[in-house]
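Please look over the sequence and the structure shown here, and then read the short report that follows.

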Amino acid sequence: MRIVFAGTPAPAVPSLQALAASAHEIVGVVTRTDAPLGRKRVLTPSAVAQAADDLGLPVIKTDRLDAEATAAITALDPDLGVIVAYGGLVREPLLSAPPHGWINLHFSLLPRWRGAAPVQHALIAGDRTTGAAVFQLVPALDAGDVYAQLRYDVPRGQTAGEVLDVLASLGAGLVTEVVDDIATGTAHATAQQGEPTLAPKLTLADGALDLEASADVVLDRYRGTTPEPGAHLVVDDQRLKVLDAFRGPDVTADGERLAPGAFALSGRDVLVGAADGTVLLKTVQPAGKGAMVAADWWRGLRGIPRAALLSEPASSLPEAGAR
């Protein structure tokens, strides 16, 4: 079959590579335009654009699938559209332009976590099992019939970035199998069952750790917002980005039970109190600085007692790690 592929970030790359290695022909790759990255804001092609270039595939760069993009894609005469984390909506008449329509690889067990950040919301909610689904794209958000899905039991401590890497790899095989079945006419899709939950795009505020919650809830949010938008605490009116954290002991080595937000040094690590115990901080990133061992950050405070705010103030704060 002639396939047009739409995707942008790194988790979409394994699917593009798998389809390029299959018996099908990728006639075009659609991705978002180059974005400014880093401190110098250098315009950089998306991960999918770079992968398509390596594969020698033609690329259409657009941030909106408007009339111009629709005309360009339709001119490729695709049999099927495959979309993986493109970052934009496919509407009519583009939705119906390929004879087989469009299929979407989504990183959740639909209808749970429809939206832009399914893995992140799953981990924040404490889900211990998630997965990926390939479904028929329809006008409603992530609501189409499902061709195939796989389940994934999330290992303890795995972050959203790590889960996405696994699902991107597993999902590449899943989407390729569905494309094969569509080509042979053996594909079968079933309606989604259950009550939908939504997973909108996260903001910086979603990374704020609530230390009045239990340690497990704090760590679920840390895992769900790592690496993006970034988990953080607020100390001395500055965001402290939490890069590496684990469940700590219920009490310190001295038998002290830390109050929520209180810190204590523990060897090369730092403990911070939560509602029912502690969270162990191994690596942090203060505002304006690079990543560092948590104990080095703590010692840099020169022994002055500090505590993290239990809730983030409404006023604007410097972003943790901003330089």
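## An aromatic cluster

In this predicted model, Phe-263 and Trp-298 are both buried. For Phe-263 the relative accessible area is 9%, which is under the 20% cut-off, so this residue counts as buried. Trp-297 is also buried, with a relative accessible area of 8%.

The rings of Phe-263 and Trp-298 have centres 5.6 Å apart and planes at 45 degrees, so this pair is described as tilted. The pair links distant parts of the chain, since Phe-263 is in strand E12 and Trp-298 is in helix H7, 35 residues apart. Together, Phe-263, Trp-297 and Trp-298 form one aromatic cluster.

In soluble globular proteins, nonpolar side chains tend to be buried together. In this model, the largest nonpolar core has 35 residues, and the members that touch the most others are Phe-5, Leu-16, Val-29, Val-82, Ile-103 and Phe-107. Helix H5, which covers residues 160-184, gives the largest share of this core, with 10 residues.

A second, separate core has 25 residues, including Tyr-222, Leu-233, Val-272 and Leu-281.

## The surroundings of Gln-120

Gln-120 lies in helix H4, which covers residues 118-124, and its relative accessible area of 15% is under 20%, so Gln-120 is buried. If residues up to four places away in sequence are not counted, Gln-120 touches Ala-160, Leu-164, Leu-202, Gly-224 and Glu-228. Although Gln-120 and Gly-224 are 104 residues apart along the chain, their C-alpha atoms are separated by 4.3 Å.

Methods
Residues are numbered from 1 along each chain as its sequence is written. This is a predicted model: local features need pLDDT of at least 70, side-chain atom pairs count only at pLDDT 80 or more; totals for chains, interfaces and linings use all residues. Side-chain values use heavy atoms; hydrogens and water are left out. Helices (H or I, at least four residues) and strands (E, at least two) are DSSP runs, numbered from the N terminus. Buried means under 20% relative accessible area, exposed over 50%, partly exposed in between (1.4 Å probe, protein chains only). Contact means heavy atoms within 4.5 Å. A nonpolar core is a set of buried Ala, Val, Leu, Ile, Met, Phe, Trp, Tyr and Cys residues joined through side-chain atoms within 4.5 Å. Rings of Phe, Tyr and Trp (its six-membered ring) pair if their centres lie within 6.5 Å; planes under 30 degrees apart count as stacked, over 60 as edge-to-face and the rest as tilted.
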